[in-house]
Amino acid sequence: MFKKMLIANRGEIACRIIKTARRMGIRTVAVHSDADARALHVDMADEKVHIGPPAAAQSYLSIEKIVEACRKTGAQAVHPGYGFLSERSAFPRALAAAGITFIGPNPGAIDAMGDKIESKKAAAAAKVSTVPGHMGIIGDADEAVRIAGEVGYPVMIKASAGGGGKGMRIAHSEAEVREGFTRARSEAKSSFGDDRVFIEKFILNPRHIEIQVLGDKHGNVIYLGERECSIQRRNQKVIEEAPSPLLDEATRQAMGGQAVALARAVNYDSAGTVEFVVGQDRSFFFLEMNTRLQVEHPVTELITGIDLVEQMIRVAAGEELRIRQPDVTLKGWAVESRIYAEDPHRNFLPSTGRLVKYRPPAEQVADGVTVRNDTGVQEGGEISVHYDPMIAKLCTHAPTRSAAIGAMAGALDAFHIDGIRHNIAFLSAIMENPRWQSGVLSTGFIAEEFPGGFTGRAITPDIKSKLARVATVLDHVENRRKRLINGQMANHGVSPATARVVRLDREFIPVTVSEETDRQADACGWAPGQPVFSADLGDGPVTVQVRRILNGYSLSCRGVALEAHVYTGREAELAKLMPEKAPADTSKKLLCPMPGLVIAIPAAPGQEVKAGEPLAIVEAMKMENILRAERDVTIKAVNARQGDSLQVDAVIMEFA
């Protein structure tokens, strides 16, 4: 077994790999760019090596620098994680030439499966069901339009290399093919250094289900069940679960058998994933194979009890799989939520900055429920514009799907982040969504359930009543503290008022401070300044995010965020007389919705632009965001240029 291994990656996956290596007694080496000098994975590793500036092309994507880091530290093996160099066959070849072991599949398997075009050809040869499409390289937009017409709309334009939703576009018309082809090529070039794209038929109302495979260097290949990955936004997975609520045992075995057949055909010898697009009738078609560890691998680990990173390390060391197919049993249900640095209220645009507070729920196993949090950040750390915006992967496991969802909802309520925008409220809203809870899913779920974007979960009378009671208890705790003198409650012969009015969502709700409120204040254990309140207010436990504001609190729970102002009766009367402050008028300005780099500004001063036409293209975290006109406008002035780095709300252009 290896004595020292280097992790050629960063963030949560590097930290996750270090945990397994530490348990196996293997020393670890972290590599880092300038931007990651104080990152969590660097702190966790036994050794660290600086490999260059923030840009991935000059650091994490440099094979030469990774090999040199191995030589410098004496690392015998390299785990690539996912992304970066994990699916480049040149990387394991370079490592082999230097006498270093690659903890992943052999280069031949990467060549055969890592390229989406070649993998579909290999899948067809192995008699695996494949989606209709054009597997050749497409030269220009005109050829893309011709091919799309032959395949039939709608079509999916996809980058041949890489993954993670980058370099992918769905097109329903010739115009969308032309624009999608250009954007997909540009994103693919930026993210993977390979601008080849192909086109395939887009299956309507599909589900995205993948099979985890595991092979060794002795010809043994098994599958470890499936993962449902249909909850996606812009082809980027958001929530995953295992197993799938759609599959029956017969379909699971059929998909697993095809996945194993494909892996055997290319002599696959590590952990990998065979992805399928699946119809609601359980018909399935090969989509692609990822020749690496998947982001969502924890849900498979939770339902099988198998550490995939450990298996990858043992296989790379030449060990034979000790697990046989009959040994694989799926127990319970697991759900994973990806916590992203993005603003759901602004079309999920990336958010960068410092994590002023980062307080995830405690990882634990209690009463048959597991809470696991794979993360690569810590309080005070920086979310950089240079890398993927993922903060953490929050996972829960329970005996049933409904129990796992309930545990996830509670864990999300307890997950406190301050300093940047994040998607926790959005994830919480999904957990409360009846369609999600019923398991009737498709890759169009988010677009269909949130057609106008995310504006917060609908406020029900139940949640409003619950938050009003929470605000009352919070206010009572603070008032009791204010009346303390030298640790004793002050008594001036005047009893404090028991009547309060809580203002929630423009509604004034009368409440009473009673002996029960006193008991709840004692039992909750909350103290002013703490960001999370947890208690049982008589109808079950509740966990709420708390932020102090003038005369009250900003409260967030189960996807609902409200400001709760707590008044005396007289204060409430006066508050009703206060005018509402009107927001600033920005209707004649195009503001940059996130920090990013201006890729192009196709509009010019004096130009008339129709609704829906592009005004600017801004890249953030390797994703190109097209800012379109919301109505017909005439450009008055353009304040930004191609190549400019902009901050949030920077004025890109003004309208007449």
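**Exercise 1.** Which residues are exposed on the other side of α4?

*Solution.* Before we start, a word on the ground rules. This is a predicted model, where local features need pLDDT of at least 70 and side-chain atom pairs count only at pLDDT 80 or more, while totals for chains, interfaces and linings use all residues. Residues are numbered from 1 along each chain as its sequence is written, and side-chain values use heavy atoms, with hydrogens and water left out.

Step 1: sort out the words. Buried means under 20% relative accessible area, exposed means over 50%, and partly exposed is in between (1.4 Å probe, protein chains only). Helices (H or I, at least four residues) and strands (E, at least two) are DSSP runs, numbered from the N terminus.

Step 2: find the buried residues. In α4 (residues 90-97), these are F91, P92 and L95. They fall within an arc of 95° seen down the helix axis, so they line one face of α4. The arc is that of the directions from the helix axis to the C-beta atoms.

Step 3: turn to the other side, where you'll find A96 and A97 exposed.

Step 4: see what the buried residues pack against: α3 (63-73), β4 (77-79), β5 (101-102) and α5 (107-114). Contact here means heavy atoms within 4.5 Å.

**Exercise 2.** Find out which side chain of opposite charge is nearest to D216, and what D216 touches.

Step 1: check for a salt bridge, meaning a side-chain nitrogen of Lys or Arg within 4 Å of a carboxyl oxygen of Asp or Glu. For charges, Lys and Arg count as positive and Asp and Glu as negative; His and the chain ends are not counted. D216 is buried but has no salt bridge, and the nearest side chain of opposite charge, R324, is 5.3 Å away.

Step 2: look for polar contacts (N or O atoms within 3.5 Å; within protein, one must be able to donate a hydrogen and the other to accept it, and residues adjacent in sequence count only if both atoms are side-chain atoms). The side chains of D216 and N220 make one of 2.8 Å. A polar atom of the D216 side chain also lies 2.9 Å from the backbone nitrogen of L321.

Step 3: leave aside neighbours within four places in sequence, and the contacts of D216 include Y268, D269 and V315.

**Exercise 3.** How many residues apart in sequence are the parts tied together by R628 and E179?

*Solution.* Step 1: spot the pair, whose side chains meet in a salt bridge (2.4 Å, N to O).

Step 1: R628 lies in strand β37 (residues 623-628) and E179 in helix α8 (residues 174-192), so the pair ties together parts 449 residues apart in sequence.

Step 2: check accessibility. R628 is partly exposed at 35%, and E179 is partly exposed at 30%.

**Exercise 4.** Work out how β30 pairs with β29 and β31.

*Solution.* Step 1: recall that two strands pair if DSSP finds at least two bridges between them.

Step 1: β29 (residues 532-536) and β30 (residues 541-549) pair in the antiparallel sense over 5 bridges. One example is V532, whose bridge partner in β30 is Q545.

Step 2: β30 and β31 (residues 552-557) run antiparallel too, joined by 5 bridges. Here R548 stands opposite Y553.

Step 3: inspect the turn of the β30 and β31 hairpin, with 2 residues between the strands, where N551 has a positive phi of about 60°.
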